[in-house]
Amino acid sequence: MGKLNGKVALITGGSSGIGFATAKLFVAEGAKVVITGRNQDNLNKAVDALGAANSIGVASDAADPASAEKAVAAAVDTFGGLDIVFANAGIAGNTPLGGTEPALFKNIVDINISGVFFTVQAALSHLRAGGSVILNGSVLAKAGSPGYAAYAASKGAVTSMARVLVSELAPRGIRVNTVVPGATRTPIWGDTASPSFNQLEEYLKRGIPLNRLGEPEELANTVLFLASDDSSYVNGAEISVDGGAGSSPMGAPVFLQR
């Protein structure tokens, strides 16, 4: 018997990377899933892989509140309700001080902060008691990585937002938690099969105590825990899935291999 039998989940940014890995795991555990993304072709491929009986794809702009309403309506119309929201959609971008266009900064903030809030707001009246909301943060919220002011600020805002949502949704028996990924092998880095990615990976590994990047499936396992009754008394948690990069940076190979 699956951990999510009879549950309906909305996963934003669900056509690739962490979102798609989570959708696959949710379906395997008995859930019906609604995934969103900007590219309809990618959504169609994802739904084919997940199974049309178990999933639907909704083309959506994460920065547009109307898109969130459309995705939630699709979940309710197709599967009869909503139990889980994984607000996963987000974008990165290089925004160095002194060389950043306002439009890029605003776009990152709109998708990564406003998009998360309005996704949860759209789901609010349809989420059943005992439901679970999972937000996607980032280790970069606290890392101070040069050139990532907008992204870091937006992910810091997500973790702060989660604390407020906990207090607002707890009276309905709905839990809110945050998963905090570190460097993970996903398309956000570009082509993960390219030589340039191999070079990037070697560089990133030096700052991770486990000396490797995470896999999307490892993030998905954590999201499953937070979505299921296994975490029925976990509320307001921030679970880092980063190989120790956030908690113990001095344990990384760059400091130990001298």
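Two strands count as paired if DSSP finds at least two bridges between them, and strands (E, at least two residues) as well as helices (H or I, at least four residues) are DSSP runs numbered from the N terminus. The model is predicted, so local features need pLDDT of at least 70 and side-chain atom pairs count only at pLDDT 80 or more, while totals for chains, interfaces and linings use all residues. Residues are numbered from 1 along each chain as its sequence is written, and side-chain values use heavy atoms, with hydrogens and water left out.

Seven strands with parallel pairing form an open sheet, in the order β3-β2-β1-β4-β5-β6-β7. At its edges lie β3 (55-59) and β7 (238-241), each of which pairs on one side only.

Within this sheet, β1 and β4 pair in the parallel sense over three bridges, and Ile11 stands opposite Phe86 in β4. On to β5, strand β4 pairs over five bridges, again in the parallel sense, with Val133 in β5 as the bridge partner of Val85. The chain passes from β4 to β5 through helix α4 (residues 102-123) in a right-handed β-α-β crossover, meaning that, with the strands pointing away from the viewer, the path from the first strand over the helix to the second runs clockwise. As for covering, six of the six residues of β4 are buried, that is, under 20% relative accessible area with a 1.4 Å probe, protein chains only.

How values were computed: Buried < 20%, exposed > 50% of the residue type's maximum accessible area, 1.4 Å probe, protein only.
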